[in-house]
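Let us read this model feature by feature. Look at it first, then follow the questions.

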2 protein chains.
Amino acid sequence: MIKPMTTATRPLRADAERNRRLLLDAAAEVFSEQGLDASTAEIARRAGVGQGTVFRRFPTKEHLIAALVVDRIGELESKARALLLHPPADGSVLAFMRESVQQHLRDRGLVEAVIGTAVIADPGVQEAHGLLLDVIEELIELDRRAGLLRDDIGAFDVMALSKAVTSACDQFVNLASWKRYLAVVAAGLRPAADKLPGRSPSRTQIDRALADLGRPSS
Amino acid sequence: MIKPMTTATRPLRADAERNRRLLLDAAAEVFSEQGLDASTAEIARRAGVGQGTVFRRFPTKEHLIAALVVDRIGELESKARALLLHPPADGSVLAFMRESVQQHLRDRGLVEAVIGTAVIADPGVQEAHGLLLDVIEELIELDRRAGLLRDDIGAFDVMALSKAVTSACDQFVNLASWKRYLAVVAAGLRPAADKLPGRSPSRTQIDRALADLGRPSS
DNA sequence: CACAAAGCGGACTGGCCGCTCCACTTGTGG
DNA sequence: CCACAAGTGGAGCGGCCAGTCCGCTTTGTG
């Protein structure tokens, strides 16, 4: 379980702020090479700082991961907003999924592993996640009006399917091309007569489910 | 790295064989609850045997995982062979993917995590994997003749896409239904005019890639 | 039925990892 | 430029975990 992060702190000293960035970058690098099991010692070494610094900037390893996740979700959100302004002809949702898959493959293992951990319950992550879902909803609306997308798809579906395409490839990048599997999914997302089974979860359902994952108690 | 397993051993004593099964079952249970990081101590406890017994039956934890994987691949193979004899009207590949996804969700995390480890290099796993690919190839041929499947899909693709659908759902089972995402993929797999980018890897490519993953040396 | 070989359990070990602690350094407001 | 709060690094701690060891028990064969 992760406690609320840094409520109302005054700004970090210059060197501290710099180390924070160094740590986040090093962590991204190390995690993508070795998975989330990589040691904090290795991250500290890669960042060129001491062990103690890691835990002064991020109270636990999980907080560090959460901060990294917030960072990445933010990146995706701004990519999505850009697409909203200049929607490509072949569909802005598809374009978003391209960005998404590429980012997930770059940060190999980050998205996957995050879901199973308490990171998902971090307030910062939840907030960033919510904002992203909002933008995706707008992208969907755009494509739907243009007749590019079947009408029973929601923002959650888009994220789930991006994760799906990613995991079809990761570890086999040399063998399987994400473009191939994204093309399959894209073909399945075009307007169609038959409805998909089930339904895309509503925002309140998503929020409740995420909150539940946060307190596993098991 | 995993060394060749038990070459030409004479049959296990009755109690040893029983414990082997108990351990495999316990391991499946514990891994699906806690992931592959679960301790061997917990597995031994759940199986009702001592710690020592784990490591006499399986030289390392990785060997245990590999044995479990072989077991599961075998199950899938026989399901696939059954479909070959009585192909369902809506497509035998789709039916196979249904089985596959359900099994992967039951053994949560097993498939995912296996890929990143040396387990993939275990000779037993490789062999079982090869046999499975052969049967899938036959299922594909069947569907293709019936005009149910686009013609640029290979056995590797089917496995990759099964994994994809699984990972779209796992950890969110309450929220996302695998049937929903499998339906998207199925829609994308129907015969189509436009070709998929890239190509399905050949058997020799697959074998070489798997062998490479076996000796990471990093 | 006897007895060797095979199997068993669980205490133990060595190593790793997240995290803490504290003597020392550095940035910054006055 | 000084004083002190803020920040730093790295040795060290406790806990966990894969794998070992060895005295005892079970199996099945002659």
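Q: How many residues surround DNA strand C, and which are the closest?
A: Near means that the C-beta atom, placed from the backbone, lies within 6 Å of the strand. Here 22 residues surround DNA strand C. The closest are A:Gly52, B:Val49, B:Gly50, B:Gly52 and B:Thr53. This is a predicted model: local features need pLDDT of at least 70, side-chain atom pairs count only at pLDDT 80 or more, and totals for chains, interfaces and linings use all residues. Residues are numbered from 1 along each chain as its sequence is written, while chains are lettered from A and ligands numbered from 1 in the order in which they are written.

Q: Which helix gives the most to the surface near DNA strand C?
A: Helices are DSSP runs (H or I, at least four residues), numbered from the N terminus. Helix 3 of chain B gives the most, with 4 residues.

Q: How many helices and strands does chain A have?
A: Strands are DSSP runs too (E, at least two residues). Chain A has 10 helices and 0 strands.

Q: What share of chain A is buried?
A: Buried means that 20 or more other C-beta atoms, placed from the backbone, lie within 10 Å of the residue's own. Of the 218 residues of chain A, 39% are buried.

Conventions
A residue is buried if 20 or more other C-beta atoms lie within 10 Å of its own, exposed if 12 or fewer, and partly exposed in between; C-beta atoms are placed from the backbone.
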